[in-house]
Amino acid sequence: MLVDIHTNLFWYPDHLSEEFVETSWAAKRAKMRLTADVHCDVTDDRWKHNFDCRPEQLLEATKGCDRVIVFAIQAPFTGITGSQEAVAAFARKHADRYQGWCSVDPNDPACVEQLEHCVRHLGLRGLKLGPIYQNFNPADPKHLPLFRKAESLGIPINWHQGTSFVRQGPLKYSNPILLEDIAVACPDLRMIISHLGHPWETECVVLIRKHPHLYADTSALHYRPLRHYQAFLTALEYGVEHKLIFGSDFPSATPEQAIAGLWKVNDVVKGTSFPTFPEEALHRIIYENWKQFIAFD
């Protein structure tokens, strides 16, 4: 069963600013120089739509998936204003395969009430946060009420806890280690760290090893082959490869492209005596490991 645990639903100009699409286009072109496994369906005259993920695009890209998690981050600080109502409407319309998650801005004084509304009234089933996009310190105790509300509602959190191409995003809030106090304060809260916390993959690995309800998704790793290999071998060495879960981060890559990229993890060490990442572990990442983190109706 193929589950994509990480897709987005937003588009320019309704939800993405001019600056965001400009910097995302530069980042996408840099990735395309390294690998063909990057989603790009725009030409030079339509580049402002390079990060679009409209409903019809998501449906087409994920047609090979059995189940898909979709969200739209609410991060006005970096020019992303995801529509929670649009995500909820899409997930309701396609409830046979899609599960919608919400996002709230932790800097908004009403964020706890907004989260409860999204879950109880819109039917959204998880929470998406990204400190580098939303400009907040996840280790600041003032945000604990939001995380405790997620815990009490029984919903998981997907964290973009890593770097990004956004110029104004604060790297100081991006290291996965900043999530440790939350894991201690909310021991029943399920959390998944996107992109294995790149470029702090080692910090992410040692963190998810310590805490039973912490996981990482594998999206956006294959663009940088050496980092991809090092991250997966680090997970293997610390015995947490079973806590890595497949995600595409569409529209960065389609699920098909992301899977193709994952299977290339050992290419950088072909012909050497370096150890390789086991194929059976890759298979479990793509098709099995999601079962310990999320359940579908």
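Helices here are DSSP runs of H or I with at least four residues, strands are E runs of at least two, and both are numbered from the N terminus. With that settled, Ala220 sits in the loop between strand E9 (214-217) and helix H9 (225-237). This is a predicted model, where local features need pLDDT of at least 70, side-chain atom pairs count only at pLDDT 80 or more, and totals for chains, interfaces and linings use all residues. Residues are numbered from 1 along each chain as its sequence is written, and side-chain values use heavy atoms, leaving out hydrogens and water.

- Ala220 isn't a glycine, yet has a positive phi of about 65°.
- Ala220 is also buried, at 9% relative accessible area (buried is under 20%, exposed over 50%, partly exposed in between, with a 1.4 Å probe and protein chains only).
- Asn135, another non-glycine, has a positive phi of about 60°.
- Asn135 lies in the loop between helix H5 (131-134) and helix H6 (144-153), and is partly exposed at 28% relative accessibility.

**Cis peptide bonds**

- His198 to Pro199 is cis, with omega near 0°, and Pro199 falls in the loop between strand E8 (191-193) and helix H8 (201-210).
- Phe250 and Pro251 are joined by a cis peptide bond too, with omega about 20°.
- Look for Pro251 in the loop between strand E10 (244-245) and helix H10 (255-262).
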